[in-house]
Amino acid sequence: GTTGTGSTSTPSASSSALTGRVSIFVPSDPIELSQNLPVGTWAKFVPEMTTSLVKEGFSKKSISTTTSSTLEEQSSAIQDAVVKTMSSSSSKSSSSESMTLIVAPVPEDTTTDIHFGDFLSRPYPDSTSTASQSQETVQALNRLSDVLQLAKQSGMHVVLISNSIPDVTPDLFVRMSSASAIGKMQARNLVEKLRLDSATSSHPRVIEVLLPQTQSEDIDKAVFSGIWSVLKPYFTSGKAVSASKTLTSSTTDDDWKSVSFDAKSASASGDEIYRRLHHDDSDSAGVTTPRIDGIIASNDYVASGVVKKLTKMGYTGSAAQINPSITVPGIVEGIIGKRDLQRSPVPDPSDAPTDESTEENDSQWPIITGYGANVSTLPSVVNGHLWMTTVEDRGSAATLLAQACARMDRGGKPSSVEGVDSGNYYDSKVPTIDAGLVAVSATNLKAALIDPGYVSLADAGL
């Protein structure tokens, strides 16, 4: 059959079947597949990639998947695949079928950043970095970069997902999500929902940022820098204050440790928010429900502990009552649109009584943001206790990835696919697909999570 240039973006499989093969290599999912982990998993993403590849014309039997729990194991598996492909193509007179390697490198350690999901970029430091890495990791990295370079030299296509590998310039890089983007998304939604722009320094909004410590200070720092890039102007102008005084107008990106805490146990975040709200030298030390307008929980695991604790403390209401005209941008009629909610705007802070009594209890439920769409927290999204959560746009990433692979298989360039841009990769630029993050609240939960099949109605408690 002839191979066209693939000018149509969605070819029908019959007219343009592809003869190339695709080998997918991803990390194996942690055993701990609990309800309290993000829905973005390799186990869910691989079938979506496969379906999209088949739709673009690859035959199902030409697609294989290998999962590995360590980089050592993964680099060996890829080496075997490359050697096998090279020996089979040299034994035939013509180099018959093309080969595309899709590799999501196993990150060095995911144990404590598990609550930021499988897709978080954890790039390996380049060779000039002094980061301490185990001997095994260094050997595995070297083997992986050698074998991927060899693959490229022998005409195979190399696609990397999530984690970049030094010394390998892939034909295509797929960025699923970054720590700073996760922080930024939450802060933006908080600013919008709390109408921070219309707050004043005489009646500021009270905000706390909870930063769970992960195994990597780079990740912690990046989450905070994303958050602070959005919030800093409001703290500088006095429109926002923190109950615990952890954030001030002079806070910089380097002060991320002031808001970080050990979040290993499920109750840690609840204890942390209680401690912050009853900060010794604040007016609220003796108050049962001190005023709190917004909490960036960083991820849903932290958010679930916060929601439990605030409920126990006696906060009432939901996010739906705060500035109800503001919903996650681009919302179609959602689940709660059908229900008749008593919606009244929050009184503007400038109308607040001037006599600021320290005994005053403000038990209005705050705006809380998270990440991961953990099944266990979805009911909190539906009832408005968790204003929004965040997920990667897996569906569009899988579609674009398959289109780019088909384009390469036909001899074209991935950059000619609409939606593939040029992105930074260490010190160079490579064709990049950015999956992008989606903000999910009660209003678009059905469209964003249930319709694409990421979660079921039962998961959301509906």
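Student: Hi! In which sense do strand β13 and strand β14 pair, and over how many bridges?

Tutor: Strand β13 (residues 421–425) and strand β14 (residues 428–434) pair in the antiparallel sense, over five bridges. Two strands pair if DSSP finds at least two bridges between them. This is a predicted model, in which local features need pLDDT of at least 70, side-chain atom pairs count only at pLDDT 80 or more, and totals for chains, interfaces and linings use all residues. Residues are numbered from 1 along each chain as its sequence is written, and side-chain values use heavy atoms, with hydrogens and water left out.

Student: Which residue in β14 is the bridge partner of G423?

Tutor: That is V430.

Student: And what about Y426 in the hairpin, what phi does it take?

Tutor: Y426 takes a positive phi near 50°. The hairpin of β13 and β14 has two residues between the strands.

Student: OK, zooming out. How many helices and strands does the chain have?

Tutor: The chain has ten helices and 15 strands. Helices (H or I, at least four residues) and strands (E, at least two) are DSSP runs, numbered from the N terminus.

Student: How many of the residues count as buried?

Tutor: Of the 462 residues, 52% do. Buried means under 20% relative accessible area, exposed over 50%, and partly exposed in between (1.4 Å probe, protein chains only).

Student: New topic: how many salt bridges are there in the whole structure?

Tutor: A search finds eleven. A salt bridge is a side-chain nitrogen of Lys or Arg within 4 Å of a carboxyl oxygen of Asp or Glu. One of them joins R394 and E48, whose closest N and O atoms are 2.7 Å apart.

Student: Why does that pair tie together parts that are apart in sequence?

Tutor: Because R394 lies in helix α9 (residues 394–409) and E48 in helix α1 (residues 42–55), the pair ties together parts 346 residues apart in sequence. R394 is also buried, with a relative accessible area of 2%.

Student: What does R276 form a salt bridge with?

Tutor: With E208, and the closest N and O atoms are 2.9 Å apart. R276 sits in helix α6 (residues 268–277) and E208 in strand β6 (residues 205–209), so this pair links distant parts of the chain, 68 residues apart.

Student: Is R276 buried or exposed?

Tutor: R276 is buried, at 2% relative accessibility, and E208 is buried at 0%. R276 also meets E272 in a salt bridge (2.9 Å, N to O). Those two lie four residues apart in helix α6, about one turn of the helix.

Student: Which residues are linked in a network of salt bridges?

Tutor: E208, E272, R275 and R276.
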